[in-house]
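Subject: Structure handover

Hi,

Here is the structure for your files. Please load it before reading on.

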Amino acid sequence: MKHNKFDLAYLKMALEWAKLSYCERRQVGALIVKDRTIISDGFNGTPSGFENCCEDSEGNTQWYVLHAEANAILKLASSTQSAKEATLYITLSPCKECSKLILQSGITRVVYIEDYKDMEGINLLKRGGIEVMRISKQELYPDEKNTIA
């Protein structure tokens with residue numbers, strides 16, 4: 001699988017979207033794209049109406065924090081758009097729970113930058129026939145060193 005210039009551009013946009021997150025441990029951004037149109041976006045954070053504090057006093061992520069891809073899929077569900085045959089661009093590979101949402105949503109392709117600590121989500125997507133592609137930080141920014149922390 002070879003990436004194209006649009007894959008790179010959408011991943012860079014997802015990185016910018018991640019900066020909107022209030023989470024301190026890790027900021028994650030996601031875009032859902034269909035026919036070269038962004039149909040939804042999301043970043044990790046607390047549910048609407050909650051204070052924007054993602055971590056507890058010990059620095060652990062609160063259990064109720066929504067992942068970026070879940071936020072993007074939920075936002076899409078409340079619109080008139082469909083994720084059928086769309087691509088999810090995300091800065092961190094999906095966890096097991098979010099992978100189930102991706103499979104059910106109709107998304108057929110996932111492009112991401114960093115591996116999540118547990119790769120079972122990626123394994124599930126591949127088992128479900130989802131095209132999965134990892135594009136490294138170095139591939140995104142070949143002329144710059146350590147662009148992304």
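This is a predicted model: local features need pLDDT of at least 70, side-chain atom pairs count only at pLDDT 80 or more; totals for chains, interfaces and linings use all residues.

Residues are numbered from 1 along each chain as its sequence is written, and side-chain values use heavy atoms, without hydrogens and water.

The site comes first. An unreviewed UniProt entry gives "binding site" at His67, Cys95 and Cys98; positions follow the numbering used here, the feature name is shortened, and such annotations may be inferred rather than shown by experiment. The three spread over 32 residues of sequence, yet cluster in space, with a largest C-alpha distance of 8.9 Å.

His67 sits in the loop between E2 and H2. Helices (H or I, at least four residues) and strands (E, at least two) are DSSP runs, numbered from the N terminus. His67 is partly exposed, because its relative accessibility is 30%. The classes are buried under 20% relative accessible area, exposed over 50%, partly exposed in between (1.4 Å probe, protein chains only). Cys98 lies in helix H3 (residues 96-105) and is buried, at 5%. Beyond four places in sequence, Cys98 contacts (heavy atoms within 4.5 Å) His67, Glu69 and Ala70.

Now the loops. Asp35, between E1 and strand E2 (37-43), has a positive phi near 50°. Glu85, between helix H2 (68-77) and strand E3 (87-92), has a positive phi near 65°. Most residues other than glycine have a negative phi. Asp35 is exposed at 70% relative accessibility; Glu85 is exposed at 59%. Glu24 is 8.4 Å from Gly59, C-alpha to C-alpha, though 35 residues apart in sequence.

Best regards
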